[in-house]
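Please keep the model open beside you as you read.

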Amino acid sequence: MNLCQYLISYCASQMTLTVRMLILSVVTVSLCNCNPHPDYEKVSENVWKKLESFGDCDPDLLQADYFLMEVSFNKKNEPDTGYSFLLHHHNIQKIPAAGYTGDPIGLTLAALLDSMKCGDHLKLILPFSEFDNTWLGAYSDSSMYESNEKIDLDLHLIRTFDKPGYTRYLMQAAQQGEISEHEAIELLLMNDVEMGYEKHGKCFIQYVNRTAGDSILSGREVSILYNTFLLDGTLLDDTTSMQFSFGRPGQIVSGLQYALSFLREGEEAVIYLPSFLAFGDKGSTSNVVPARTPVYFKLKVLGVKNSNEKF
């Protein structure tokens, strides 16, 4: 029995019927107005919020092309029952207005996210269903919680970026070993809402144009046109044409040769490679490509011929 319930019981046993009814009414109204979550502000019937700290970096979340957010959630007052992750995501305004399960989005939570500024640390208390019906719910395990079970949700909006800033951040994080190179590449590609990609081991391919041309097979003569870029978009060379015998070692970097095996004559693609498939731990011999740096090639397969044919 909590304190409020004890007071009701005591008053009821000591007073006359009229006084008892009056006091019970007053205490009941008081109980209804009690804040069950001290230091938190009531946002809706089921959601409470607390701005733990606020930030002043730019751009704001709604203006950012990408953002980086620490997210953690667990059962209310049970810190060992949840999950934490570092969320990389594209522009929040491009997130679908429906949850991954097809349920309506938790509009209250969506509005709170929209109002966050770069650097804000927001704490929430809400039913699991409010969280699970949003795009954030894709990172949860619904078997761990009852739908109406209260959870603590922590959202820390660490950084926001424009597109060039985000690519620079990923490349630098990969160079410094904060994240793996292939993870940096995949984070960039998975948050590109305009183009899909294929993953072949640690090699990633975005197709710009597909054809039904000849396959690139070992021993065939191949002609390509290409440019080389650092992961942050820095162009490293003029447009270059090249002819070589496919499969013969030492002509092109190993990752590019592997990627070409998935292309056909006439196709255009962007091929992303971690350094171990490109210019290695030491970078290029001319020092144009730094050490341990992922790169990508924009290329077109101009021609594919048998070894006895000419271009």
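The notes below go from the whole chain to its sheet, a helix, its rings and a few backbone details.

This is a predicted model, in which local features need pLDDT of at least 70 and side-chain atom pairs count only at pLDDT 80 or more, while totals for chains, interfaces and linings use all residues. Residues are numbered from 1 along each chain as its sequence is written, and side-chain values use heavy atoms, with hydrogens and water left out.

**The chain as a whole**

- The protein chain has 7 helices and 12 strands, taken as DSSP runs numbered from the N terminus (helices are H or I with at least four residues, strands are E with at least two).
- Of its 311 residues, 41% are buried; buried means under 20% relative accessible area, exposed over 50%, and partly exposed in between (1.4 Å probe, protein chains only).
- Among contacts with a separation of 6 or more, 66% are between residues 24 or more positions apart, where contact means heavy atoms within 4.5 Å.

**The open sheet**

- Six strands form an open sheet in the order β7-β8-β11-β12-β9-β10, with antiparallel pairing; two strands pair if DSSP finds at least two bridges between them.
- The edge strands are β7 (198–200) and β10 (240–245), and each pairs on one side only.
- On average, neighbouring strands of this sheet are turned by 30° against each other, direction ignored.
- Helix α6 (residues 181–190) packs on the sheet and touches β7, β8 and β11 (268–273), with its direction at about 30° to that of β8; axes are lines fitted to C-alpha atoms, for helices over the stretch in contact, and angles run from 0 to 180 degrees between N-to-C directions.
- β7 is joined to antiparallel strand β8 (residues 203–209) by 3 bridges, and K199 stands opposite F204 in β8.

**Helix α6**

- E181, A184, I185, L187, L188 and L189 are buried in α6.
- The buried residues of α6 pack against β4 (83–90), α5 (163–175), β8 and β11.

**Rings and charges**

- The chain has 15 aromatic pairs: rings of Phe, Tyr and Trp (its six-membered ring) pair if their centres lie within 6.5 Å, and planes under 30 degrees apart count as stacked, over 60 as edge-to-face and the rest as tilted.
- Y226 and F297 form an edge-to-face pair, 6.2 Å centre to centre with 65° between the planes.
- This pair links distant parts of the chain, with Y226 in strand β9 (residues 221–230) and F297 in strand β12 (residues 295–305), 71 residues apart.
- Y226 is buried at a relative accessible area of 15%, and F297 is buried at 3%.
- Ring pairs also link F73, Y83, F85, F128, F131 and Y145 into a cluster.
- R210 lies over the face of Y207, 3.6 Å from the ring centre; a charge sits over a ring if NZ of Lys or CZ of Arg is within 6 Å of the ring centre and within 35 degrees of the ring normal.
- The charged end of K298 sits over the ring of F229, 5.2 Å from its centre.

**Loops and backbone details**

- H37, in the loop between α2 (17–33) and β1 (41–42), is buried with a relative accessible area of 12%.
- Most residues other than glycine have a negative phi, and most peptide bonds are trans.
- D39 is not a glycine, yet has a positive phi of about 75°; D39 is exposed, with a relative accessible area of 65%.
- R292 also has a positive phi, about 50°, and lies in the loop between β11 and β12.
- D58 and P59 are joined by a cis peptide bond, with omega about -5°.
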